[in-house]
Amino acid sequence: MSNFARSLTFGASAIAIVLGMATTASAQSTGTAAVEVEQVVVTGRRGPRTIDGAIVAENVGKSRSTITQEFIETQAAGQTINEVLNLVPGMSFTNNDAYGASGGNIRLHGFDGPRISQTFDGMPMNDSGNYSLYTNQQLDSELIGSASVNTGTTDVDSPTASASGGTINLSSIKPAMDFGGRIKGSLGDFNFKRVFAQVDTGEIGPWGTSAWIAYSDQSYDKFKGVGDLNKTQYNFKIFQPIRDNGDFVSLAGHWNRNRNNNYADLQLQRNADGSASLANGVTWDSDFDTKYKAPTFVNGQADVDTNSNRYWALRQNPSDTGNIRAQSRFTLRDNLIFTFDPSFQYTLATGGSGQFVLSETDRTIRGSKTTGGVDLNGDGDILDSVRVHSTNNTHTQRYGISSSLIWKLSDSQTLRAAYTLDNARHRQTGLNSKIDFSDPTDPRFFDPFAGLRDEEHRIVNLDGYEIRSRDRLSYAILNQFAVEYAGRFLNDTLRVNAGVRVPFFKREMNQNCYSQSKSSSVVCSTETAVKQADGTYKVGTRSGSYIAPYSREVEFDDILPNINVSWNFSGDHSVYGSFAQSLTLPRTDNLYTVFFDGNGDITSPITEPEKTTTYDFGYRYQTGVLIASANVWYTKFDNRIVSRYDQDLGVSFDSNVGDVDLYGFDSQVGWSPVEGLSLYATASYTESEIANDYLDGTTLIKTGGKSLTETPDWTFGGRIQYETGPLQVGAQVKYTGERWVTDENDMYTEAYTVVNADAKFDLGYFGYKNSNIALRVVNLLDEKYFGSISGAYNATRSTYAYRGAPRTIQATVTYAF
């Protein structure tokens, strides 16, 4: 049995023991959904109104935008949900290809992905070490019932240590009451092939149990260069209603496998007007090398592999992810509700396509020996320098609980107490492995995880030690308590929610290698280590001082209030306002930079957590045919963290460099003037101002008064959709304004506009109910633009960007039964 199978079985067993075996909502957890549903039910409204799923009527006292499956279904098959959300006001997502399997970058009101909490049926999706979001690992879009974006605020029970920029919450669909299913087949440009299949059991057994199971597989070629991308996904969900009062138990599972060749980013240069363009010699189609000069393997000759690390087949980023998650709601008494959402997650992923040329007599190869070496290429000598595979692997096992006890004080007032646990075990390794040179001009990795699953080709030194670039074990443990009051006044026209969440966060770090003092560099080796007078070690013949393997803990806690008020002052008109504080804690990697303090204890230049205070005021007008909202917002971003070199400490690390003020407005409107026609439009403006300059070593980084990078000032979006008879056609547009590439704002990318189009023909016209043929076009006008950006301090340093996807056409046939 594989490691994943053992872990997943154990996780599923733990949940099954607790539950014995969720409704789709915009809220991130069953507890938050229960509070919101109580408010909707009591006031007599029937479910949220929507304009073709692109906009949903909201009743919360904060800015939230929601899309539903009706809109998601109009987008490209297999597309990441984060790209589908790109029309939401305040959101800017740059997809690295047209189909979403290469990932992409998020900006939400100026905040990047690691500062935005994303949940999946209430379960946190951000990496618990560095908080990154991997958008190519999300649930198949066909299985997402709704997706909502809270801009700048969190729910009171948000299960995260990083949500300074807001939250994105996904909810999976509920199993159907009747037996049925669907099969979707898609073909598209760049040899795109995808199949998706789902079966609903309908209600079975004496208690009305229902379930669905789904499978998908997609593959396609890169739109430039050589290589392909493959993703396989399995999902299931079981739903058991308990009473007719909304109580239920559900259990769901997810497995995602990605095997992707990377795209090369493109080097930029600054034009005279400050705009960015392709550097000399770089074209829109530039990518990784397609030829590899065969290294020689001759006995008695010092063979050296002179190729770069840019060969396309050795540039890949694999991942295996899975989870088991449950949701439940129990009415304990007429006025007391308990919700309980446990989960288990598994991740095995690499940090990229690490490779380097290693001498057969390198000191890590010799270890404690002063002479000798290892024949890495099998030519009978130890004279060579051979390319080896060395990538950083992270294996995570993560347990979570989101629970609430909801007390209905009266028909109009509710009190909730919530507890959240997020306990993640990170095993981070970087084994060195041989590369398959059976075809010397076309090498391949034996194992995409650099020997983690392939013991045969691991590189072992003269001491019998499997050499590696890192070796550490970390635990990220969040215990969070929250209290929330929800009340309705003035004949239910005034709603007040006030709460506070109190996170207690601990990181346990176990470093198994020698750490260079005041550096993130480590030595994982059996070289002789000699202790020096200051307590550090000299490792082999290396210069510098090293700290022996160690274990240490750091802790953070805070009190984060959250209050919002909404007032329905005239039928379909309402206003709202909110205040919320959120934080982002230092990431795991930052805390592994260590040195001895004045007391001789191991310490690190730990930064203060980033903290945001957000104020949000808005207006809504919501009828059956028109849903509109507009809001203004302000965020005070304290203790911003960047990587810099501290001249006094003599160490490079992430540290606080001051504050940022952010403000702007968002607006959206959905309108269905006549049956079959819908219009949707959004407009957003984001302004940011960094408070001060900072020093990187002796270099002054002039960021005072400047704006955050990769954040467009203006974004506009729109969609028109028309349905007549069996035919539905739609078109949508997203305008993204200029974005700064550099911290000092001396280089920017120009604005761009992407137009997508879609058409669907309902085969029910010919008697095939719920079946259809669809045609979808991404980037209809074939706009050339820069997508995700990799910037620098200023334009004198190297900067890069990914090319946005070109025009891409896809056709899908759906057969339902």
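Tyr234 is partly exposed, with a relative accessible area of 44%; that class falls between buried, under 20%, and exposed, over 50%, judged with a 1.4 Å probe on protein chains only. Tyr234 sits in strand 12 (residues 228–241), where a strand is a DSSP run of E with at least two residues, numbered from the N terminus. This is a predicted model, in which local features need pLDDT of at least 70 and side-chain atom pairs count only at pLDDT 80 or more, while totals for chains, interfaces and linings use all residues. Residues are numbered from 1 along each chain as its sequence is written, and side-chain values use heavy atoms, without hydrogens and water.

Let's turn to the inside. Thr584, in strand 33 (residues 573–584), is buried, with a relative accessible area of 2%. Its side chain makes a polar contact with the side chain of Ser164 at 2.8 Å (a pair of N or O atoms within 3.5 Å; within protein, one must be able to donate a hydrogen and the other to accept it, and residues adjacent in sequence count only if both atoms are side-chain atoms).

Now for the cysteines. A search of the whole structure finds 1 disulfide, meaning a pair of cysteine sulfur atoms within 2.5 Å. Cys513 and Cys524 form this link, with their sulfur atoms 1.9 Å apart. Cys513 lies in the loop between strand 25 (494–511) and strand 26 (514–516), and Cys524 in the loop between strand 27 (522–523) and strand 28 (529–531), so the pair ties together parts that are 11 residues apart in sequence. Both Cys513 and Cys524 are buried, and their link is right-handed, with 105° about the S-S bond.

Terms used. Helices (H or I, at least four residues) and strands (E, at least two) are DSSP runs, numbered from the N terminus.
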